[in-house]
Amino acid sequence: MTDTAKVNLLGLSPDKLIEFFESIGEKKFRATQVMKWIHQKGAESFEEMTDVSKKLRAKLENICEIRAPEIVTQNISNDGTRKWIIRTEGGQNNCVEAVLIPDGDRATLCVSSQVGCSLDCSFCSTGKQGFNRNLTAAEIIGQVWIAIKSFGPMDPNGPRRVTNVVMMGMGEPLMNFEPVVDAMTLMMHDNAYGLSKRRVTLSTSGVVPRMYDLVKRTDVSLAVSLHAPNNELRNELVPINKKYPIEELLEACQHYLDNLPDKRHITIEYTMMAGVNDQEVHARQLSKLLENLECKINLIPFNPFPHSGYEKPSNNQTRRFQKILADDGYTVTVRTTRGDDIDAACGQLVGDFMDKTRRSQKYIELRQVSE
């Protein structure tokens, strides 16, 4: 068996890892042993697995591998934010980005799910770069593995180096459904990373059919990238709204909440752009729109990128918008911009990849005409 045909154990979900060991004539408990070595102790080779027999280690060496994506660069912001550019399979320029944001006792890792993004939200730098392919489960969970190992040897008995994971990096997670679900399952499994279901969040722009599928497979927390309080405006900002309008999206949100085993809320993500969706009328529309949904609202002042055509709202305008919603009883936070000195802020992740959609080239041509 050649190296290219080896099974990468890093990306196998718990059930798939058990299936694999049974398929090679081994007991299922071996899956638990190996899972702990990979995800809790950071093993990069089978030789490190000292409680696994030499015979099995040799067997695994011949047919398996533990292979994370390649780190191209790691940058650390003045505020402690870390950003990795990670090369995935498929060529020199197939890179994605992951960002770790420290905040006191919390450290939130923003994970990518696609090389580029298959959607085309008008205010997102990633979306303007186009799309190449979906990430594998190993490439998704590999970002968690890389982030934890960046602090030194992994220690399952030590303090958590990553306390929260948000699927909010490059890509639309629900457009890469199976690998994302497998990776999130590992994030929450007691024999892997052991994160609470309340500390793993999937963010979607509103792929409604997959939201119904998601709640059948997992109970992670859900965030929705809304960004507009009405269909007319959202059609411009988030084009998938033309296929799945706000009414259908909110029905899917309610269905998700209704089918969770505990009481939870949806996080509504709302990127604010000056003069576009940040006016008081928009705040009042948003308040009315969400009145029957258990939710909290996260306002995100727009992070500029070259030739975007949008500007960040003033602090005063953001506070006025927040106050209207808070006065109506909503829990409203304003996301603090972190890591902007290393282009790690929300909406700034661009990676480096070959764009199969040619969207990036069309966007460049459009910018040249407008200038």
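Reader: How many helices and strands does the protein have?
Author: Welcome! This is a predicted model, in which local features need pLDDT of at least 70, side-chain atom pairs count only at pLDDT 80 or more, and totals for chains, interfaces and linings use all residues. Residues are numbered from 1 along each chain as its sequence is written, while side-chain values use heavy atoms, with hydrogens and water left out. Taking DSSP runs numbered from the N terminus, with helices as H or I of at least four residues and strands as E of at least two, the protein has 12 helices and 14 strands.

Reader: What percentage of the residues of the protein count as buried?
Author: A residue is buried under 20% relative accessible area, exposed over 50%, and partly exposed in between (1.4 Å probe, protein chains only). Among the 371 residues of the protein, the share that counts as buried is 54%.

Reader: Among contacts between residues at least 6 apart in sequence, what percentage join residues at least 24 apart?
Author: A contact here means heavy atoms within 4.5 Å. For contacts between residues at least 6 apart in sequence, the share joining residues at least 24 apart is 68%.

Reader: Which cysteines does UniProt list for "binding site"?
Author: UniProt positions are given in the numbering used here, feature names are shortened, and annotations may be inferred rather than shown by experiment. The record in question is an unreviewed entry.

Reader: Is Cys 121 buried or exposed?
Author: Cys 121 sits in the loop between β7 and α4, and it touches Lys 128, Ser 205, Leu 237, Val 238 and Pro 239, not counting residues up to four places away in sequence. Cys 117 lies in the loop between β7 (114-116) and α4 (125-128), and with a relative accessible area of 10% it is buried. Because the relative accessibility of Cys 121 is 11%, this residue counts as buried.

Reader: Which backbone nitrogen does the side chain of Glu 172 reach?
Author: UniProt, in an unreviewed entry, also lists Glu 172 for "binding site", and the residue lies in the loop between β9 (164-167) and α6 (177-188). With a relative accessible area of 2%, Glu 172 is buried; not counting residues up to four places away in sequence, it touches residues including Cys 117, Ser 203 and Ser 205. A polar contact is a pair of N or O atoms within 3.5 Å; within protein, one must be able to donate a hydrogen and the other to accept it, and residues adjacent in sequence count only if both atoms are side-chain atoms. At 3.0 Å, the side chain of Glu 172 reaches the backbone nitrogen of Leu 174.

Reader: How many Å apart in space are Ser 205 and Val 238, C-alpha to C-alpha?
Author: Ser 205 has its place in the loop between β10 (200-204) and α7, and at 10% relative accessibility it counts as buried. Leaving aside neighbours within four places in sequence, Ser 205 is in contact with residues including Cys 121, Glu 172 and Val 238. Ser 205 and Val 238 are 33 residues apart in sequence, and their C-alpha to C-alpha distance is 7.4 Å.

Reader: What value is phi of His 227 near?
Author: His 227 is found in the loop between β11 (221-225) and α8 (231-237), and a relative accessible area of 5% makes it buried. Setting aside neighbours within four places in sequence, the contacts of His 227 include Phe 123, Thr 271 and Asn 277. Phi of His 227 is positive, in a residue other than glycine, and is near 70°.

Reader: Which strand does Thr 271 lie in?
Author: Thr 271 is buried, with a relative accessible area of 6%. Leaving aside neighbours within four places in sequence, Thr 271 is in contact with Phe 123, His 227, Asn 277, Ile 300 and Phe 302. The strand, spanning residues 266-272, is β12.

Reader: Are α7 and α9 roughly parallel or roughly antiparallel to each other?
Author: Axes are lines fitted to C-alpha atoms, for helices over the stretch in contact, with angles running from 0 to 180 degrees between N-to-C directions. Angles under 35 degrees count as roughly parallel, over 145 as roughly antiparallel, 65 to 115 as roughly perpendicular and the rest as oblique. The axes of α7 (residues 208-217) and α9 (residues 246-258) come within 9 Å and cross at roughly 0°. Therefore the two helices, α7 and α9, are roughly parallel.
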